[in-house]
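Have the viewer open while you go through them.

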Amino acid sequence: MGKKYKIVVFALILFIGLFMLTPFAKALENQAKSIRDIRFYTGANSESPFTKIVLTLNDDIVVDKSYILISDESTSFMIYTSDFKIVENTNPETIEEYNAGKSITNEQILTKGTTLYYYNNNENLLKSEKVKIIVDWRNNNKQYFYEEIAYTVKSDGSQGIENINLEETTEKRLLRDEFYEAALKKYPFIVSIQSDETEVTYGYEINSAPNTKYAIIGTFSFKEKTLEQLLNELDTLINQGKATINNDDTILKNNELVQIKNNKVLTTYEKIENNNLLYSWSFDGNKMTADDIKLNIDLNLILGLTPNKDKIDALIPSSIASLKLDFQHKGNLPLGTSLKVNIGSSFKNDDILDLYYYNPEANKLEKVAENIMVIDGFASFPISHCSEYVLVLNKEANKNADNNVQTSSMNVILYTIITIVCAGALGYIIKNKNKEIA
(Lines give C-alpha, C1' and ligand atoms only; values in the text may rest on other atoms or scores of the structure.)
Protein backbone atom coordinates (compact mmCIF):
# COMPACT_ATOMS: atom_id res chain seq x y z
CA MET A 1 0.00 0.00 0.00
CA GLY A 2 2.88 2.33 0.91
CA LYS A 3 4.66 1.66 -2.38
CA LYS A 4 1.56 2.37 -4.46
CA TYR A 5 1.01 5.53 -2.47
CA LYS A 6 4.53 6.76 -3.31
CA ILE A 7 4.02 6.03 -7.02
CA VAL A 8 0.73 7.95 -7.06
CA VAL A 9 2.30 10.94 -5.30
CA PHE A 10 5.31 10.96 -7.67
CA ALA A 11 3.02 10.78 -10.72
CA LEU A 12 0.88 13.62 -9.36
CA ILE A 13 3.95 15.83 -8.75
CA LEU A 14 5.26 15.10 -12.26
CA PHE A 15 1.85 15.93 -13.79
CA ILE A 16 1.60 19.20 -11.89
CA GLY A 17 5.15 20.11 -12.88
CA LEU A 18 4.50 19.49 -16.57
CA PHE A 19 1.20 21.32 -16.35
CA MET A 20 2.88 24.42 -14.87
CA LEU A 21 5.94 24.32 -17.15
CA THR A 22 4.10 24.07 -20.48
CA PRO A 23 1.96 27.25 -20.22
CA PHE A 24 4.95 29.17 -18.79
CA ALA A 25 7.04 28.38 -21.89
CA LYS A 26 4.19 29.54 -24.10
CA ALA A 27 3.64 32.62 -21.97
CA LEU A 28 7.17 33.80 -22.67
CA GLU A 29 6.30 33.98 -26.36
CA ASN A 30 3.25 36.16 -25.66
CA GLN A 31 4.33 38.20 -22.68
CA ALA A 32 5.31 41.36 -24.58
CA LYS A 33 2.59 43.91 -24.05
CA SER A 34 3.07 46.37 -26.91
CA ILE A 35 4.05 43.97 -29.73
CA ARG A 36 3.58 40.34 -30.72
CA ASP A 37 4.83 37.88 -33.34
CA ILE A 38 8.16 39.65 -33.59
CA ARG A 39 10.66 38.02 -35.96
CA PHE A 40 14.23 39.21 -36.19
CA TYR A 41 16.66 38.26 -38.98
CA THR A 42 20.22 39.45 -39.50
CA GLY A 43 23.12 38.10 -41.53
CA ALA A 44 24.11 37.99 -45.20
CA ASN A 45 22.57 36.56 -48.33
CA SER A 46 23.99 36.11 -51.82
CA GLU A 47 23.57 39.82 -52.56
CA SER A 48 24.49 41.75 -49.41
CA PRO A 49 24.35 41.87 -45.61
CA PHE A 50 20.87 42.53 -44.25
CA THR A 51 18.78 43.12 -41.15
CA LYS A 52 15.00 42.73 -41.13
CA ILE A 53 12.33 42.90 -38.46
CA VAL A 54 8.65 41.92 -38.64
CA LEU A 55 6.21 42.62 -35.80
CA THR A 56 2.51 43.07 -35.12
CA LEU A 57 1.14 45.78 -32.82
CA ASN A 58 -0.72 44.80 -29.68
CA ASP A 59 -2.11 48.32 -29.21
CA ASP A 60 -2.65 51.58 -31.03
CA ILE A 61 0.53 53.69 -30.99
CA VAL A 62 1.49 57.30 -31.68
CA VAL A 63 4.27 57.26 -34.27
CA ASP A 64 6.34 60.29 -33.23
CA LYS A 65 6.40 59.12 -29.60
CA SER A 66 7.62 55.60 -30.33
CA TYR A 67 10.84 53.78 -31.19
CA ILE A 68 12.68 50.49 -30.86
CA LEU A 69 16.28 50.31 -29.63
CA ILE A 70 18.12 47.13 -30.62
CA SER A 71 21.51 46.17 -29.23
CA ASP A 72 23.91 43.28 -28.77
CA GLU A 73 27.25 42.96 -27.04
CA SER A 74 29.10 45.02 -29.67
CA THR A 75 26.71 47.63 -31.04
CA SER A 76 23.29 49.22 -30.78
CA PHE A 77 21.01 51.11 -33.13
CA MET A 78 17.69 52.88 -32.89
CA ILE A 79 14.82 52.32 -35.29
CA TYR A 80 12.09 54.93 -35.20
CA THR A 81 8.57 53.83 -35.94
CA SER A 82 8.62 55.91 -39.11
CA ASP A 83 11.51 53.72 -40.38
CA PHE A 84 9.10 50.77 -40.70
CA LYS A 85 6.64 50.14 -43.53
CA ILE A 86 3.06 48.85 -43.22
CA VAL A 87 2.61 45.57 -45.11
CA GLU A 88 -0.41 43.34 -45.75
CA ASN A 89 1.58 40.12 -45.68
CA THR A 90 2.19 39.02 -42.07
CA ASN A 91 5.40 37.24 -43.08
CA PRO A 92 7.31 39.49 -45.53
CA GLU A 93 10.79 38.41 -46.55
CA THR A 94 12.26 40.58 -49.32
CA ILE A 95 13.41 44.15 -49.80
CA GLU A 96 10.90 44.44 -52.63
CA GLU A 97 8.09 43.91 -50.15
CA TYR A 98 9.60 46.59 -47.92
CA ASN A 99 9.84 49.09 -50.79
CA ALA A 100 6.26 48.33 -51.79
CA GLY A 101 4.99 48.82 -48.22
CA LYS A 102 3.08 51.86 -47.08
CA SER A 103 5.24 54.61 -45.57
CA ILE A 104 4.58 55.87 -42.05
CA THR A 105 4.40 59.57 -41.14
CA ASN A 106 5.15 61.14 -37.78
CA GLU A 107 1.61 62.42 -37.35
CA GLN A 108 0.12 58.98 -37.86
CA ILE A 109 -1.59 56.74 -35.30
CA LEU A 110 -1.12 53.03 -36.02
CA THR A 111 -3.88 50.70 -34.95
CA LYS A 112 -3.70 47.41 -33.08
CA GLY A 113 -3.06 44.42 -35.36
CA THR A 114 -0.98 46.38 -37.90
CA THR A 115 2.02 44.47 -39.26
CA LEU A 116 5.21 46.53 -39.49
CA TYR A 117 8.23 45.57 -41.58
CA TYR A 118 11.79 46.94 -41.46
CA TYR A 119 14.51 45.98 -43.94
CA ASN A 120 18.08 47.23 -44.17
CA ASN A 121 20.17 45.77 -46.99
CA ASN A 122 23.33 47.77 -46.29
CA GLU A 123 24.85 45.86 -43.41
CA ASN A 124 24.48 43.16 -40.84
CA LEU A 125 23.70 45.42 -37.91
CA LEU A 126 24.25 42.84 -35.18
CA LYS A 127 27.28 40.65 -34.59
CA SER A 128 26.04 38.53 -31.71
CA GLU A 129 23.26 35.98 -31.18
CA LYS A 130 22.23 37.75 -27.99
CA VAL A 131 19.90 40.64 -28.78
CA LYS A 132 18.12 43.07 -26.46
CA ILE A 133 15.10 44.87 -27.88
CA ILE A 134 13.78 47.90 -25.99
CA VAL A 135 10.29 48.97 -27.02
CA ASP A 136 9.41 52.51 -25.91
CA TRP A 137 5.97 53.42 -27.24
CA ARG A 138 3.00 55.60 -26.36
CA ASN A 139 -0.55 54.72 -27.28
CA ASN A 140 -3.39 57.04 -28.24
CA ASN A 141 -4.58 57.23 -24.62
CA LYS A 142 -1.23 58.71 -23.56
CA GLN A 143 -0.25 55.46 -21.85
CA TYR A 144 3.38 54.45 -22.18
CA PHE A 145 4.80 50.99 -22.73
CA TYR A 146 8.42 50.35 -21.91
CA GLU A 147 9.64 46.79 -22.40
CA GLU A 148 13.04 45.13 -22.46
CA ILE A 149 12.93 41.90 -24.48
CA ALA A 150 15.94 39.57 -24.54
CA TYR A 151 16.23 37.38 -27.67
CA THR A 152 18.54 34.72 -28.96
CA VAL A 153 18.81 34.95 -32.76
CA LYS A 154 19.39 31.43 -34.01
CA SER A 155 21.39 30.47 -37.08
CA ASP A 156 18.26 29.63 -39.11
CA GLY A 157 16.89 33.14 -38.53
CA SER A 158 14.33 32.08 -35.93
CA GLN A 159 14.26 33.44 -32.42
CA GLY A 160 13.80 32.20 -28.90
CA ILE A 161 12.74 34.57 -26.15
CA GLU A 162 15.00 33.91 -23.21
CA ASN A 163 13.36 36.33 -20.81
CA ILE A 164 11.30 39.47 -20.80
CA ASN A 165 11.78 42.22 -18.24
CA LEU A 166 8.51 44.09 -18.53
CA GLU A 167 7.90 47.53 -17.05
CA GLU A 168 4.83 49.54 -17.93
CA THR A 169 5.71 53.18 -17.49
CA THR A 170 3.98 55.27 -14.86
CA GLU A 171 2.68 58.83 -14.92
CA LYS A 172 6.18 60.32 -14.77
CA ARG A 173 6.75 59.39 -18.42
CA LEU A 174 3.62 61.26 -19.46
CA LEU A 175 4.78 64.21 -17.33
CA ARG A 176 8.17 64.10 -19.05
CA ASP A 177 6.48 64.21 -22.43
CA GLU A 178 4.17 67.08 -21.46
CA PHE A 179 7.09 69.01 -19.99
CA TYR A 180 9.17 68.65 -23.15
CA GLU A 181 6.27 69.81 -25.36
CA ALA A 182 5.63 72.85 -23.13
CA ALA A 183 9.35 73.65 -22.83
CA LEU A 184 9.89 73.38 -26.58
CA LYS A 185 6.96 75.69 -27.22
CA LYS A 186 8.44 78.34 -24.93
CA TYR A 187 12.11 77.77 -25.83
CA PRO A 188 12.24 76.26 -29.35
CA PHE A 189 16.02 75.87 -29.29
CA ILE A 190 16.27 73.31 -26.48
CA VAL A 191 16.98 69.63 -27.16
CA SER A 192 17.23 66.50 -25.05
CA ILE A 193 20.91 65.60 -24.52
CA GLN A 194 20.51 62.37 -22.56
CA SER A 195 17.82 60.68 -20.51
CA ASP A 196 16.76 57.68 -18.49
CA GLU A 197 13.53 56.63 -16.83
CA THR A 198 13.48 59.41 -14.23
CA GLU A 199 15.76 62.21 -15.47
CA VAL A 200 16.40 64.14 -18.66
CA THR A 201 19.28 66.51 -19.36
CA TYR A 202 18.34 69.38 -21.68
CA GLY A 203 20.52 71.86 -23.50
CA TYR A 204 20.86 73.58 -26.85
CA GLU A 205 23.14 72.97 -29.78
CA ILE A 206 25.89 75.42 -30.63
CA ASN A 207 26.91 74.61 -34.18
CA SER A 208 30.63 75.08 -34.66
CA ALA A 209 32.23 73.14 -37.50
CA PRO A 210 33.51 70.50 -37.47
CA ASN A 211 31.87 69.64 -34.14
CA THR A 212 28.56 70.43 -32.50
CA LYS A 213 28.83 71.75 -28.96
CA TYR A 214 26.05 71.57 -26.41
CA ALA A 215 25.32 74.18 -23.79
CA ILE A 216 23.75 72.26 -20.91
CA ILE A 217 20.70 73.94 -19.40
CA GLY A 218 20.20 71.43 -16.62
CA THR A 219 19.09 67.94 -15.58
CA PHE A 220 15.45 67.60 -14.64
CA SER A 221 14.10 64.94 -12.30
CA PHE A 222 10.42 64.04 -12.68
CA LYS A 223 10.01 62.51 -9.25
CA GLU A 224 7.36 64.18 -7.08
CA LYS A 225 7.13 67.31 -9.25
CA THR A 226 4.28 68.99 -11.06
CA LEU A 227 4.43 70.39 -14.59
CA GLU A 228 4.31 73.93 -13.19
CA GLN A 229 7.26 73.26 -10.87
CA LEU A 230 9.30 71.85 -13.75
CA LEU A 231 8.58 74.84 -15.99
CA ASN A 232 9.54 77.25 -13.19
CA GLU A 233 12.77 75.30 -12.77
CA LEU A 234 13.41 75.59 -16.49
CA ASP A 235 12.85 79.36 -16.42
CA THR A 236 15.43 79.63 -13.63
CA LEU A 237 18.04 77.50 -15.41
CA ILE A 238 17.55 78.69 -18.99
CA ASN A 239 20.06 81.50 -18.48
CA GLN A 240 22.72 79.20 -17.05
CA GLY A 241 23.71 77.11 -20.06
CA LYS A 242 27.21 75.62 -19.79
CA ALA A 243 29.61 74.31 -22.43
CA THR A 244 33.13 72.94 -22.02
CA ILE A 245 36.18 74.60 -23.60
CA ASN A 246 37.94 71.99 -25.71
CA ASN A 247 41.75 72.01 -25.62
CA ASP A 248 41.82 71.42 -29.38
CA ASP A 249 39.27 74.08 -30.22
CA THR A 250 39.33 77.16 -27.98
CA ILE A 251 37.81 79.51 -30.57
CA LEU A 252 34.29 80.79 -29.94
CA LYS A 253 33.16 81.47 -33.51
CA ASN A 254 30.86 84.27 -34.56
CA ASN A 255 28.12 81.85 -35.65
CA GLU A 256 28.03 80.56 -32.07
CA LEU A 257 27.63 84.12 -30.79
CA VAL A 258 24.75 84.58 -33.25
CA GLN A 259 22.93 81.61 -31.69
CA ILE A 260 23.54 82.87 -28.16
CA LYS A 261 22.20 86.31 -29.12
CA ASN A 262 19.20 84.93 -31.02
CA ASN A 263 18.31 82.53 -28.19
CA LYS A 264 18.73 85.36 -25.66
CA VAL A 265 20.51 83.11 -23.18
CA LEU A 266 23.43 83.45 -20.81
CA THR A 267 25.98 80.84 -21.89
CA THR A 268 29.01 79.85 -19.83
CA TYR A 269 32.10 78.18 -21.29
CA GLU A 270 34.12 76.30 -18.67
CA LYS A 271 37.79 75.32 -18.76
CA ILE A 272 38.26 72.19 -16.62
CA GLU A 273 41.49 70.32 -15.92
CA ASN A 274 41.82 67.32 -13.61
CA ASN A 275 38.19 67.84 -12.55
CA ASN A 276 38.98 71.38 -11.39
CA LEU A 277 37.47 74.53 -12.87
CA LEU A 278 40.31 76.85 -13.94
CA TYR A 279 38.18 79.63 -15.39
CA SER A 280 34.91 80.26 -17.17
CA TRP A 281 33.56 82.81 -19.61
CA SER A 282 29.93 83.98 -19.57
CA PHE A 283 28.26 85.64 -22.56
CA ASP A 284 24.85 87.27 -22.19
CA GLY A 285 22.76 87.00 -25.36
CA ASN A 286 20.34 89.62 -24.03
CA LYS A 287 23.05 92.30 -24.06
CA MET A 288 24.96 91.54 -27.27
CA THR A 289 24.96 94.05 -30.11
CA ALA A 290 25.05 93.48 -33.87
CA ASP A 291 28.79 94.26 -33.90
CA ASP A 292 29.49 91.80 -31.06
CA ILE A 293 28.33 88.76 -33.06
CA LYS A 294 30.94 89.46 -35.76
CA LEU A 295 33.77 88.49 -33.40
CA ASN A 296 35.76 85.26 -33.20
CA ILE A 297 37.08 84.87 -29.65
CA ASP A 298 39.95 82.70 -28.45
CA LEU A 299 38.81 81.57 -25.00
CA ASN A 300 42.24 80.35 -23.94
CA LEU A 301 43.58 82.11 -20.84
CA ILE A 302 47.04 81.68 -19.25
CA LEU A 303 47.13 82.24 -15.48
CA GLY A 304 50.23 83.53 -13.73
CA LEU A 305 52.35 84.38 -16.78
CA THR A 306 52.31 87.17 -19.36
CA PRO A 307 54.77 88.35 -22.05
CA ASN A 308 55.50 91.46 -19.95
CA LYS A 309 55.72 89.65 -16.61
CA ASP A 310 58.92 91.40 -15.44
CA LYS A 311 57.63 94.86 -16.32
CA ILE A 312 54.34 94.22 -14.49
CA ASP A 313 56.21 92.86 -11.44
CA ALA A 314 58.27 96.05 -11.34
CA LEU A 315 55.07 98.10 -11.03
CA ILE A 316 53.68 96.13 -8.06
CA PRO A 317 55.39 96.14 -4.64
CA SER A 318 56.66 92.68 -3.78
CA SER A 319 54.69 92.76 -0.53
CA ILE A 320 51.37 92.89 -2.41
CA ALA A 321 49.91 89.63 -3.76
CA SER A 322 48.91 89.52 -7.43
CA LEU A 323 47.85 87.15 -10.22
CA LYS A 324 48.62 87.85 -13.89
CA LEU A 325 46.13 87.04 -16.67
CA ASP A 326 47.26 86.63 -20.26
CA PHE A 327 44.32 86.47 -22.68
CA GLN A 328 45.01 84.84 -26.04
CA HIS A 329 42.20 86.93 -27.53
CA LYS A 330 43.25 90.51 -28.12
CA GLY A 331 40.73 93.31 -28.48
CA ASN A 332 37.10 93.96 -27.66
CA LEU A 333 34.59 91.48 -26.21
CA PRO A 334 30.79 91.31 -26.54
CA LEU A 335 28.79 93.53 -24.23
CA GLY A 336 27.80 91.67 -21.06
CA THR A 337 30.87 89.37 -20.96
CA SER A 338 32.18 88.28 -17.57
CA LEU A 339 34.98 86.04 -16.33
CA LYS A 340 35.36 83.74 -13.34
CA VAL A 341 38.95 82.81 -12.38
CA ASN A 342 40.31 80.22 -9.97
CA ILE A 343 42.77 82.24 -7.86
CA GLY A 344 44.58 79.16 -6.55
CA SER A 345 46.96 80.07 -3.72
CA SER A 346 47.45 83.68 -4.86
CA PHE A 347 44.73 85.00 -2.56
CA LYS A 348 42.36 83.74 0.13
CA ASN A 349 38.60 83.83 0.53
CA ASP A 350 37.10 87.27 1.32
CA ASP A 351 40.17 89.08 -0.05
CA ILE A 352 39.26 92.24 -1.95
CA LEU A 353 40.99 92.65 -5.32
CA ASP A 354 41.39 95.25 -8.07
CA LEU A 355 41.79 94.44 -11.77
CA TYR A 356 44.39 96.34 -13.78
CA TYR A 357 45.10 96.51 -17.52
CA TYR A 358 48.78 96.69 -18.42
CA ASN A 359 49.35 99.49 -20.93
CA PRO A 360 52.58 98.46 -22.75
CA GLU A 361 52.99 101.82 -24.51
CA ALA A 362 52.94 103.84 -21.29
CA ASN A 363 54.34 100.97 -19.18
CA LYS A 364 51.76 101.48 -16.48
CA LEU A 365 48.82 99.73 -14.85
CA GLU A 366 45.33 101.15 -15.42
CA LYS A 367 42.55 100.13 -13.02
CA VAL A 368 39.48 98.76 -14.83
CA ALA A 369 37.56 97.11 -11.94
CA GLU A 370 37.70 97.24 -8.16
CA ASN A 371 36.28 95.69 -4.99
CA ILE A 372 36.28 92.17 -6.46
CA MET A 373 35.76 89.80 -3.55
CA VAL A 374 37.20 86.27 -3.58
CA ILE A 375 34.36 83.81 -2.97
CA ASP A 376 34.91 80.06 -2.68
CA GLY A 377 38.32 80.36 -4.30
CA PHE A 378 37.15 82.36 -7.34
CA ALA A 379 37.27 85.98 -8.48
CA SER A 380 34.44 87.05 -10.82
CA PHE A 381 34.28 90.31 -12.73
CA PRO A 382 32.90 91.89 -15.95
CA ILE A 383 35.35 92.41 -18.78
CA SER A 384 35.06 94.25 -22.11
CA HIS A 385 38.55 93.98 -23.60
CA CYS A 386 41.35 91.39 -23.70
CA SER A 387 45.09 91.84 -23.42
CA GLU A 388 47.43 91.54 -20.39
CA TYR A 389 45.76 92.03 -17.02
CA VAL A 390 46.64 91.53 -13.37
CA LEU A 391 44.54 91.01 -10.25
CA VAL A 392 46.06 92.88 -7.31
CA LEU A 393 45.23 92.66 -3.61
CA ASN A 394 43.71 95.94 -2.44
CA LYS A 395 45.54 96.30 0.89
CA GLU A 396 43.63 99.42 1.92
CA ALA A 397 40.23 97.83 1.28
CA ASN A 398 41.29 94.65 3.07
CA LYS A 399 42.63 96.71 5.97
CA ASN A 400 39.30 98.53 6.26
CA ALA A 401 37.51 95.20 6.13
CA ASP A 402 39.73 93.88 8.92
CA ASN A 403 39.11 97.07 10.92
CA ASN A 404 35.38 96.64 10.41
CA VAL A 405 35.59 93.09 11.72
CA GLN A 406 37.61 94.26 14.74
CA THR A 407 35.24 97.17 15.37
CA SER A 408 32.28 94.84 15.09
CA SER A 409 33.88 92.45 17.58
CA MET A 410 34.60 95.31 20.00
CA ASN A 411 31.01 96.53 19.66
CA VAL A 412 29.72 93.10 20.59
CA ILE A 413 31.93 93.02 23.69
CA LEU A 414 30.90 96.55 24.65
CA TYR A 415 27.19 95.78 24.20
CA THR A 416 27.59 92.66 26.32
CA ILE A 417 29.27 94.58 29.16
CA ILE A 418 26.60 97.32 29.05
CA THR A 419 23.86 94.70 29.15
CA ILE A 420 25.41 92.97 32.17
CA VAL A 421 25.85 96.30 34.01
CA CYS A 422 22.27 97.36 33.25
CA ALA A 423 20.91 94.02 34.38
CA GLY A 424 22.90 94.26 37.64
CA ALA A 425 21.71 97.81 38.27
CA LEU A 426 18.12 96.83 37.63
CA GLY A 427 18.43 93.90 40.03
CA TYR A 428 19.94 96.16 42.71
CA ILE A 429 17.09 98.68 42.37
CA ILE A 430 14.43 96.00 42.61
CA LYS A 431 16.11 94.46 45.66
CA ASN A 432 16.21 97.83 47.47
CA LYS A 433 12.60 98.51 46.55
CA ASN A 434 11.56 95.24 48.11
CA LYS A 435 13.40 96.16 51.34
CA GLU A 436 11.59 99.53 51.47
CA ILE A 437 8.21 97.85 51.03
CA ALA A 438 9.06 95.37 53.76
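1. Ground rules. This is a predicted model, where local features need pLDDT of at least 70 and side-chain atom pairs count only at pLDDT 80 or more, while totals for chains, interfaces and linings use all residues. Residues are numbered from 1 along each chain as its sequence is written, and side-chain values use heavy atoms, with hydrogens and water left out.

2. The chain overall. There are seven helices and 27 strands; both are DSSP runs numbered from the N terminus, helices being H or I with at least four residues and strands E with at least two. Of the 438 residues, 41% count as buried (under 20% relative accessible area; exposed is over 50% and partly exposed in between, with a 1.4 Å probe and protein chains only). The accessible surface is about 25,100 Å², and 52% of that belongs to carbon and sulfur atoms; the areas come from the Shrake-Rupley method with a 1.4 Å probe, and for residues only the protein chains shown count as cover. Among contacts with a separation of 6 or more, 63% come from residues 24 or more positions apart, a contact being heavy atoms within 4.5 Å.

3. The five-stranded sheet. Its order is E21-E22-E27-E24-E25, it is open, and the pairing is antiparallel; two strands pair if DSSP finds at least two bridges between them. E21 (301-303) and E25 (364-373) sit at the edges with a single partner strand each, so one side of each has no neighbour in the sheet. From one strand to the next, the twist averages 25 degrees (axes are lines fitted to C-alpha atoms, for helices over the stretch in contact, with angles from 0 to 180 degrees between N-to-C directions). Inside the sheet, E22 (residues 322-332) and E27 (residues 385-393) share seven antiparallel bridges, and Ser322 stands opposite Val392 of E27.

4. Asn308. Look in the loop between E21 and helix H6 (309-315) for this one. Asn308 counts as buried, at 18% relative accessibility. Leaving out residues up to four places away in sequence, Asn308 touches Tyr358 and Glu388.

5. E16, E18 and E19. Here we do get a parallel pair: E16 (residues 241-244) and E18 (residues 266-273), joined over four bridges, with Ala243 partnered by Tyr269 in E18. E18 also runs antiparallel to E19 (residues 276-284), with eight bridges between them, and Thr268 is opposite Ser282 in E19. Two residues separate the strands of this hairpin, where Asn274 has a positive phi near 50 degrees.

6. Helix H5. In H5 (residues 254-263), the buried residues are Glu256, Leu257, Gln259, Ile260 and Asn263. Viewed down the axis of H5, the buried residues fall within an arc of 160 degrees, so they line one face of the helix; the arc is that of the directions from the helix axis to the C-beta atoms. Just after H5, Lys264 has a positive phi of about 55 degrees.

7. Aromatics. The structure holds 14 aromatic pairs, counting rings of Phe, Tyr and Trp (its six-membered ring) with centres within 6.5 Å; planes under 30 degrees apart are stacked, over 60 edge-to-face and the rest tilted. Tyr98 and Tyr118 are edge-to-face, at 6.5 Å centre to centre and 75 degrees between the planes. Tyr98 is in helix H2 (residues 95-100) and Tyr118 in strand E9 (residues 115-120), so the pair ties together parts 20 residues apart in sequence. Tyr98 is buried at 13% relative accessible area, and Tyr118 is buried at 10%.

8. Tyr357 is in E24 (residues 352-359) and Tyr389 in E27, 32 residues apart. Tyr389 is buried at 4% relative accessibility, and Tyr357 is buried at 18%. Together with Tyr269, Trp281, Phe283 and Phe327, Tyr357 and Tyr389 form one aromatic cluster.
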